Amino acid sequence: MSRSLRRLAARALHAVDRGLAQATLGDRFEGGLITFLFHGVFLPGERIDPARIDPYQRTTTADLEVLIEHLLAAGYRFVTPDEVATPGLLAAGDRCAMLTFDDGYANNLRLLPLLSRYRVPVTVFVASGYVERGEAYWWDVVHREGVARGLGAARIEAEKRRLKGLPVTAQRRALIDAYGPDALKARDDLDRPLTVDELRALAQSPWITIGNHTVDHAILTSQPPDEQRRQIAGCQAWLQDVLGEAPMIVSYPNGNYDAAVLQAARDAGLRLGITTVPRRTPLPLRPADALTLGRFVIDDHQDVVERARACRAGLNLRHAALRRRRPGY
Ligand SMILES: [Zn+2]
């Protein structure tokens, strides 16, 4: 299909979904848990130097305010993973929402004033090895070094795709071979991980739940079984050591999971697991859903309120299509 045809099809699908949202919002259709996935947190109008930083999402504190106010006005309440997992607390028909932030970017500290103002809890999923080593996330290194070498966007994306599926040690080796050991050091305040002290400060907030995002942001389905276990259990142990408490929820990097991954999560004591499958999770929580909660993404170019309405809606064709595809965050 040509690009203009694809654009036309996407616009048509969008229009249908807008109509479906209009028709399937309200008491008959809504209810359950809707969860949103974010990564970094930026300030409105903040300059992001494209030569250094390429965030998946440029979510600003203002976007989050719009989303929070929209959901509160629509009768949603923001819940913690603990509340979701507590039997008897949430009932069918309850409108619940969770906001989650993956990776553990230092800029997530910017959430704190907003959360206390709205009294909204969020979950931050930390890749513990990055925090421990103070290293830039590998995909940010590929971007920064790729731009510095004059590679175009397509080649940088291809390199990210190539590295994504590698076992963790091979991926690290490839980065050091290509860019040198110093390239892994975090440089920018905008895309570095939390320091250990910052993580402790964040975890102190009554509005923050810290979750497991593996040690090395490993795509778990690409790792052998013992490495899957090491990635999940190692993150649990490190966070227990640093924060005095191990997480009860895990976010699978890139959304990839399989039966062995779920078993490894269960064995590590995790009670909830979260994917990137765009679906609402029925309430009260069914045991079969506990380790595969759905989650929605709001991308840069999307209107926050329209996206929120699509996620609340009883029916959405784009989400239905995405549910059949491989995950990608
Ligand atoms: Zn991640």
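## Ground rules

Two residues are in contact when they have heavy atoms within 4.5 Å of each other. This is a predicted model, so local features need pLDDT of at least 70 and side-chain atom pairs count only at pLDDT 80 or more, while totals for chains, interfaces and linings use all residues. Residues are numbered from 1 along each chain as its sequence is written, and side-chain values use heavy atoms, leaving out hydrogens and water.

## His143

Let's start with His143, found in helix H6 (residues 138-148); helices here are DSSP runs of H or I with at least four residues, strands are E runs of at least two, and both are numbered from the N terminus. His143 has a relative accessible area of 8%, so it is buried (under 20%; exposed is over 50%, partly exposed in between, with a 1.4 Å probe and protein chains only). Leaving aside residues up to four places away in sequence, His143 touches Pro50, Ala51, Arg52, Ile53, Asp54, Ile156 and Lys160.

## Helix H2

Now for H2, where Thr61, Leu64, Leu67, Ile68, His70 and Leu71 are buried. Their cover includes strands E1 (32-38), E2 (77-78) and E3 (95-103), plus helices H4 (111-118) and H12 (304-312). Just past the end of H2, Gly75 has a positive phi of about 85°.

## Aromatic rings

Ring pairs tie Tyr105, Tyr130, Tyr137, Trp138 and Trp139 into a cluster. Rings of Phe, Tyr and Trp (its six-membered ring) pair if their centres lie within 6.5 Å; planes under 30 degrees apart are stacked, over 60 edge-to-face, and the rest tilted. The whole structure has eight aromatic pairs. One of them, Tyr130 with Tyr137, is tilted, at 4.8 Å centre to centre and 35° between the planes. Both tyrosines, Tyr130 and Tyr137, are buried.
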